[in-house]
Amino acid sequence: MGDNKIRVLIVGEAAGAEKFLGEFKDCPFTKVIGVITKGPEDGSAKRLRGSGVSLFSKLESVPETARTDSVLVLDDEDIDLKRLSQIPKPAIIGKTGAGLLLQMKRECNKAQERLKEAKDELEIQAWGLKKTNEGVKLLYKELEEKNRRLKELDRLKSDFLSAVSHELRTPLSVTKEGISLILDEIPGKINDKQKSILLTAKNNIDRLARMINNLLDISKIESGKTQLKKEVVDIVGIARQVVSFFEPKASKKGVEINAFFDKKRIELYIDADKITQVFTNLMGNALKFTEKGKIDLIVSEGLKEVECVVSDTGIGISEEDIAKIFDKFQQVGKNYSPGEKGTGLGLSIAKEIVEMHKGSIEAESRQNNGTRFRFVLPKFSWNDVIKDYINLGIMNSSHNDKAFSVIKVSAQRSGDAGKRGIDKKEDAACAAEMLKALSAKLRSSKDKAVRDGNEFFVILNDCARQDALKVIDRIKQGLEAGDCGVYCPKGIEYRTELATYPHDAKTSGELMKILTGGKEQ
Amino acid sequence: MGKKKILMIDDEPELVDMVKKRLEASGYDFIGSYDGASGMEAAVRDKPDLILLDVRMPRMDGYTFIKEIRVNNDLKKIPIIVLSIVDQLSEVFKLEGVIDYIEKPFDTEELLEKIRVCIEKE
């Protein structure tokens, strides 16, 4: 702050000058750079007079380097103001000014004192904060420890669940098979009473097995642990597999299964395992409550969603019961069915799964007139799938500190071919060929090639920029050499764009923007 | 036509023993192995007509077993029925050469029916 002080030259009688000098000694904003006195008859005055230099000429001779900002003149009357004002630069303040300066100085000192007090207080507070901080750190450490233990517990729970799932089923299999062997009289004859007892035992082993499966499913879903492993799969294929799984059981019971599919293939972006489970639960249910007649399984494609229906000609459900049919441990059929007992979880699992897919499920029924379950699953856009893949790729890569690349390949007719107009059929065939060609250039099953209209995306997990460039070279060479086959007309230009995480961008939106040339998707 | 030979590979000896009793009573020849690797040795040695395969096993799991047997020219045509738990349903469906799937704990009659269908197909 030293250099910013107001430089003051005191001019006046010695005693007054002395007084001000004392006052300004510790002033934070002024600096007295000199004193020029004019009398009375003391040493200094003599010095002035003796040297024959007048007060003003002395003032005038103050060198430029020692320039003052203000000249404090203590004796107003004696000063020839006119002459004084001719001295360049310094501003003159009289006694009043000096008084003001003093006042300011005092205020300033007071402020400084208050500042110091505040500073002391702040220091105390800082100390307090430091202590609090230490306490927080301790708490945080404790929380971390607790968190670690919770995670450990969670892991233990998972391990336990997995153990239940795998280990319990094996002894159950052994027990069940053992009872079956005796029931079928393979080791020797048994009587009817023994048979009936063993039959009950066997049925309950079956029930226990189903219960274990369902409990596991529901606990996994409820803990939020179940993450959908979504892929683009053919739901008709899934339905077919489920039907063929149930057919032997149904025909044994004398129940007919009819499957109706709108199309040969209907692709959806779903978790195949989970949707298989929904079908299995609904079909199992239908078969359980249907003694004669038929079960229909219908899959049809709507405008925005795909509808799946499982209906039967079984005993049906009363109006009162149907309201709670998706609740946990509700076994509405329990009263009427003497045979296989359920676990009361199958339908709530089905509902959870369908809702995880952003779909919906409903049941309608009339007692003794069959039941109809209908669930719908939303259709998908390839754009969403690509975004999902990119998001997933980024998530995995940031987790493992690795790179992740996406290549966009687009094909355009050029020159004469462009003028010929677009043959839709030809284009579709060409696009399919292109997707095949791209898929053949993938490095491993971790990579994916996806088509969105006339654009193709190649997702390269764990792939840095230079490796992605190699893949691009391979793709281009292949396409230009005619990988696309006969369906693709000559004269097609292939363009590729590349975006790599984290080299080019860190979010899926930014990566997409690079790929699509800044277009909003 | 001689007896059909069935190889069961499962890491649970007691279960293998139960199935052995059942299948022998149903007129099949039975070979049991308790892990994928010795199962593979048994397959090479005995050339069974059908394999019943568990998925989770020590030394070589069911997936690896299937992959390896499919590249062996002598053995690749042997039908396989996978015996496992429901969690892996669609995984199992995806595997090429798996003729059928049966869930543990399985229904004996269902197992016998599947075996019969599989062997008749051949």
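This is a predicted model: local features need pLDDT of at least 70, side-chain atom pairs count only at pLDDT 80 or more; totals for chains, interfaces and linings use all residues.
**Ground rules.** Local features need pLDDT of at least 70 and side-chain atom pairs count only at pLDDT 80 or more, while totals for chains, interfaces and linings use all residues. Residues are numbered from 1 along each chain as its sequence is written, with chains lettered from A and ligands numbered from 1 in the order in which they are written.

**Interface.** I looked up the contacts (C-beta atoms, placed from the backbone, within 7 Å) and found 21 residues of chain B against 21 residues of chain A. On the chain B side, α1 (13–25), α4 (89–94) and α5 (108–121) each give two or more residues; helices here are DSSP runs of H or I, at least four residues, numbered from the N terminus. α1(B) gives the most, seven residues.

**Cores.** Next I checked the nonpolar cores, meaning sets of buried Ala, Val, Leu, Ile, Met, Phe, Trp, Tyr and Cys joined through C-beta atoms within 7 Å. Buried means 20 or more other C-beta atoms within 10 Å of a residue's own, with C-beta atoms placed from the backbone. The largest core has 41 residues, and Ile235(A) and Met283(A) touch the most other members. Helix α9 (272–288) of chain A gives the most to this core, eight residues. Apart from it lies another core of 32 residues, including Leu15(B) and Phe106(B).

**Met283(A).** Leaving out residues up to four places away in sequence, I get Val242(A), Phe246(A), Ile295(A), Leu297(A) and Val310(A) as its contacts.

**α9(A).** I noted that 15 of its 17 residues are buried, so α9(A) is largely enclosed by the rest of the structure.

Key
Two residues are in contact if their C-beta atoms, placed from the backbone, lie within 7 Å. A residue is buried if 20 or more other C-beta atoms lie within 10 Å of its own, exposed if 12 or fewer, and partly exposed in between; C-beta atoms are placed from the backbone.
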